[in-house]
Amino acid sequence: MKITFELDAGDIDRFHDALARAERRVACADECDIVDAARHALGHLPIAAAPGYIRRQIEAVAGLLAMVEDDAWALPPPERTQVLRLLAYFSDPDDLIPDDVEVIGLLDDAIMLELLMKQVRHVVAAYAEFTEARAGLPAAADSAQRIALARTVARLRARLHARMRRRTVRDAVAGIGAAGLGG
């Protein structure tokens, strides 16, 4: 079943306010604290009992955590800041609907995650391609092969970073993906 609803200006303003709180947390918090808070929320929220839509949105957070923590990917700013902003919003238990409200407590998180994931979709797609390509690379047997492998990974990363940025800029110019939340 598909349910569609419209958010009016007041609804969007409430999401903006919640997102602004998350942005303030990103600005003054240590990245490790944001990641730890998101990991804690992911492990302690009642996700298993949540409706499928909510569960799918929240489970995407695990992929974001892996991406931010992947040293070989080395996600640069401003994309890293966007992902951290998303993780900060997700880990805030006192967002629009407190997370402990049964059944609907995670609905605002799922909606905001869907909106914000649209903004980082090219980053997520590039990282998925990076991890797939990296997994297909042969293991290095000696130091010369390790150096060659590191160079290959660096070229792949640089190419994918450049592509994700081009696509993000293209979408920004076209007005795609902002979801009314700026970014």
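Predicted model: local features only at pLDDT ≥ 70, side-chain atom pairs only at ≥ 80, totals over all residues.

Visitor: What makes arginine 163 and glutamate 129 a salt bridge?

Guide: The closest N and O atoms of the two residues are 2.8 Å apart, and since the rule asks for a side-chain nitrogen of Arg within 4 Å of a carboxyl oxygen of Glu, the pair qualifies as a salt bridge. The two residues belong to distant parts of the chain, arginine 163 to helix α7 and glutamate 129 to helix α6, 34 residues apart.

Visitor: How do you know that arginine 163 is buried?

Guide: Its relative accessible area is 15%, and buried means under 20%, so arginine 163 is classed as buried.

Visitor: Why is it said that glutamate 79 and arginine 165 tie together parts of the chain?

Guide: Their side chains meet in a salt bridge at 2.7 Å, N to O, and because glutamate 79 lies in helix α4 and arginine 165 in helix α7, the pair joins parts that are 86 residues apart in sequence. Glutamate 79 is buried, at 5% relative accessible area, whereas arginine 165 is partly exposed, at 33%.

Visitor: What makes alanine 139 exposed?

Guide: Its relative accessible area is 73%, and the label requires over 50%, so alanine 139 counts as exposed; this residue is found in the loop between α6 and α7.

How values were computed. Residues numbered from 1 in each chain as written. Heavy atoms only, no water. Helix = DSSP H or I, 4+ residues; strand = E, 2+ residues; numbered from the N terminus. Buried < 20%, exposed > 50% of the residue type's maximum accessible area, 1.4 Å probe, protein only.
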